[in-house]
Amino acid sequence: MSDFPILDGKRLLLVISGGIAAYKSLVLIRRLREQGAAVRVILTEAGARFVTPLSVAALSEDKVYQELFSLTDESEMGHIRLSRAADLVVVAPATADLLAKMAAGLADDLASTALLATDKPVLVAPAMNGAMWEHPATQTNIGILTGRGVRRIGPNAGELACGETGTGRMAEPEEILAAIAAFFDDVALGSGPLPLSGRRALVTSGPTVEPIDPVRYITNRSSGRQGHAIARALARLGAQTILVSGPTAEPDPPGVQMIRIETAMQMLAACQGSLPADIAVCAAAVADWRVKGVAGQKLKKDKDGTPLLELVENPDILATLSRPGSTRPALVVGFAAETQHILEHASSKLARKGCDWIVANDVGTGTATFGGDRNTVHILRATPGGEASVEDWPELSKVSVGERLAVAIAEHFAAAGPRP
Ligand code: C5P
């Protein structure tokens, strides 16, 4: 699970309408509270059939708003004030019915009235049966709402509560959380030109997969989480970003051009084909070796016996991209995953590979960096004098490491001179 420091101190009004996915909104409230956000909840009558006001109140640590004509509520906080005393209004789950009301401007309960009265941005997380989602009425309503500037996250495809399969599952709490953070990031970035606009970035991520025969392969434990987070963060700062990735379970980062590969040789070809670039960040865990003479047919135990695998060294993509030449990116960043003597090994890697920066991290036993969500890194920068400068970063989520690295890259280019 990721951390989103930007959410600290933000005020959210969460509208929970009546769908089975309402239980996921309880997780969302807890996650938002963990990030330091204040969450005030409007629970519709149908919503209260799926989650209890008591659970909502306990998790949000606030009173739950349900009735439009409750005198007590009106004296404490009228629905107009309620709808405006937030930085962002989130509707999760957003049922087909509530979306229709929002599109039509109906106001017949507290949720729809607050949504009509609000002057704040709105994010909806639709959740419904697949046929309801695909119905032209719902699609028209969503079109109207997005045309008015309402943001949307999901719905996702998959198995639905009704037993059918289709598009209609509410986005997961973690995805909604990321969408909320992305909204606040956009606000923080303002409407001026983005710091990396006009720059091209190339990022490698994930493992590579080296076949032995048509069914077997050699790979590693890289999740791709860090590389994907970097690509996402560079794109958010305006860089035209290409992500060359081995197979991962990570969702495609928004606004990033994906090139999916399996082997190191394919990754190298994809990277070289993506040049020129201003920035290259090699976060992939590239297999050092591939199998020599991959078998064309599945190796058989009885026929082939125990095979002896002969390995050949893979090309070093980072070192290749770092080689001086007309297509060398102006800034090449590599990673060094080390289990001991981190800084020593990382600075010799910086020199050996010829890159400009190394992001060094400890992947020793007990660190859970591989496959985990958090990372403690040190940034080594090559200096003209030969001695690398070192910056230690605190333990951060991989998302935050990506964001901080993208900001450091933007600062580097800002210091280096004007945009091309
Ligand atoms: O040599 P080592 O694998 O420790 O170096 C790690 C760095 O080099 C990472 O940035 C990784 O993406 C990159 N690398 C590469 N091609 C390889 C091996 C490593 O780009 N064949």
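Residues are termed buried under 20% relative accessible area, exposed over 50%, and partly exposed in between (1.4 Å probe, protein chains only). The structure is a predicted model, in which local features need pLDDT of at least 70 and side-chain atom pairs count only at pLDDT 80 or more, whereas totals for chains, interfaces and linings use all residues. Residues are numbered from 1 along each chain as its sequence is written, and side-chain values use heavy atoms, with hydrogens and water left out.

By this criterion Glu403 is partly exposed at 23% relative accessibility, while Arg232, at 15%, is buried. The side chains of these two residues, Arg232 and Glu403, form a salt bridge (3.8 Å, N to O), a term that denotes a side-chain nitrogen of Lys or Arg within 4 Å of a carboxyl oxygen of Asp or Glu. Because Arg232 belongs to helix H10 (residues 225–236) and Glu403 to helix H15 (residues 398–416), the pair ties together parts that are 171 residues apart in sequence; helices are DSSP runs (H or I, at least four residues), and strands (E, at least two) likewise, both numbered from the N terminus.

The structure holds 24 salt bridges in total. Among them, Asp109 and Lys101 pair through their side chains (3.9 Å, N to O), with Asp109 partly exposed at a relative accessible area of 22% and Lys101 buried at 12%. The side chains of Asp62 and Arg40 also meet in a salt bridge (3.3 Å, N to O); Asp62 lies in the loop between helix H2 (53–60) and strand S3 (64–65) and Arg40 in strand S2 (residues 38–43), so this pair links parts 22 residues apart in sequence.
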